[in-house]
Amino acid sequence: MSRYQILGQIGQGGMGVVHRALDTELDRVVALKLLSGRFAEEEGAQERFQREIRVLAGLSHPNIVRVFDCGEFDGCPFYSMEIVEGGDLETRIRNGGALPLDETLRLLQQAAEALAYLHQRGLVHRDVKPANMMLDRTGVLKLTDFGLARTVTGTLITTEGQIIGTPRYMAPEVLRGHDAAAPQDVYALALSAHEILSGRPCFRGAKGPDLMAQILLE
């Protein structure tokens, strides 16, 4: 961790805090993701974070964020990855509305190619959504946040019976507890396409049980 100089926080999500940092050994700016604080205390968080590192370290695709290094600081795991300067699609839609059709098609093709690459390797992302699609300054899409990624076996239900992921983008069969599989990523990509083209989520307004009921009735 001593090789990194923290420059500021970029954001935070369900798996930790992401900082902009300078890698002093290689003299380059990176994104540094650290599992700490309340995130580290959540049940299964350490295991999911380590899985995210393992998954990303084994991937090499132009539309998937690259991992450079990983380690541990004060008992908390971290990894460094390429920094994507253009922001995520959810923020862009929220600030500017729907994207033009030609740009949407170009971005969806890149996202689809990233998912195809994952699926060919027996992996499922499990949390495909505009917030996990970053754009670099040249407009290239980078799929991020692999904390829930896993092989095609295994369910989305925790030992407490709670669903892990973002229900708004989940297929009905996933909400019913079926095993993760590639079609669920494709379904989530289709919902993301609707959101990018219309400027609003397909399922909106309702939350919790009401949102799940709305999805299951479709």
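In this predicted model, I64 is in contact with L56, L59, E82, A114, Y117, L118, K142, L143 and F146, leaving aside its neighbours within four places in sequence. The largest nonpolar core comprises 47 residues, and I64 belongs to the group that touches the most other members, together with L59, L89, L118, M133, L143 and F146. Helix α4, spanning residues 101-120, gives the most to this core, with seven residues. In soluble globular proteins, nonpolar side chains tend to be buried together.

A pair of aromatic rings is described by the distance of the centres and the angle of the planes. For Y4 and F78 these values are 5.9 Å centre to centre and 80 degrees between the planes, an edge-to-face pair. This pair links distant parts of the chain, with Y4 in strand β1 (residues 4-13) and F78 in strand β5 (residues 76-81), 74 residues apart. Y4 and F78 are both buried.

The other pair joins F49 and Y79 and is tilted, at 5.6 Å centre to centre with 40 degrees between the planes. Here helix α2 (residues 45-57) supplies F49 and strand β5 supplies Y79, so that distant parts of the chain, 30 residues apart, are linked. Both of these residues, F49 and Y79, are buried.

A further contribution from an aromatic ring involves a charge: the charged end of R28 sits over the ring of F68, 3.8 Å from its centre.

Key
Residues numbered from 1 in each chain as written. Predicted model: local features only at pLDDT ≥ 70, side-chain atom pairs only at ≥ 80, totals over all residues. Heavy atoms only, no water. Core = buried A, V, L, I, M, F, W, Y, C linked by side-chain atoms within 4.5 Å. Buried < 20%, exposed > 50% of the residue type's maximum accessible area, 1.4 Å probe, protein only. Helix = DSSP H or I, 4+ residues; strand = E, 2+ residues; numbered from the N terminus. Contact = heavy atoms within 4.5 Å. Phe/Tyr/Trp six-rings, centres within 6.5 Å; stacked < 30°, edge-to-face > 60°. Lys NZ or Arg CZ within 6 Å of the ring centre and 35° of its normal.
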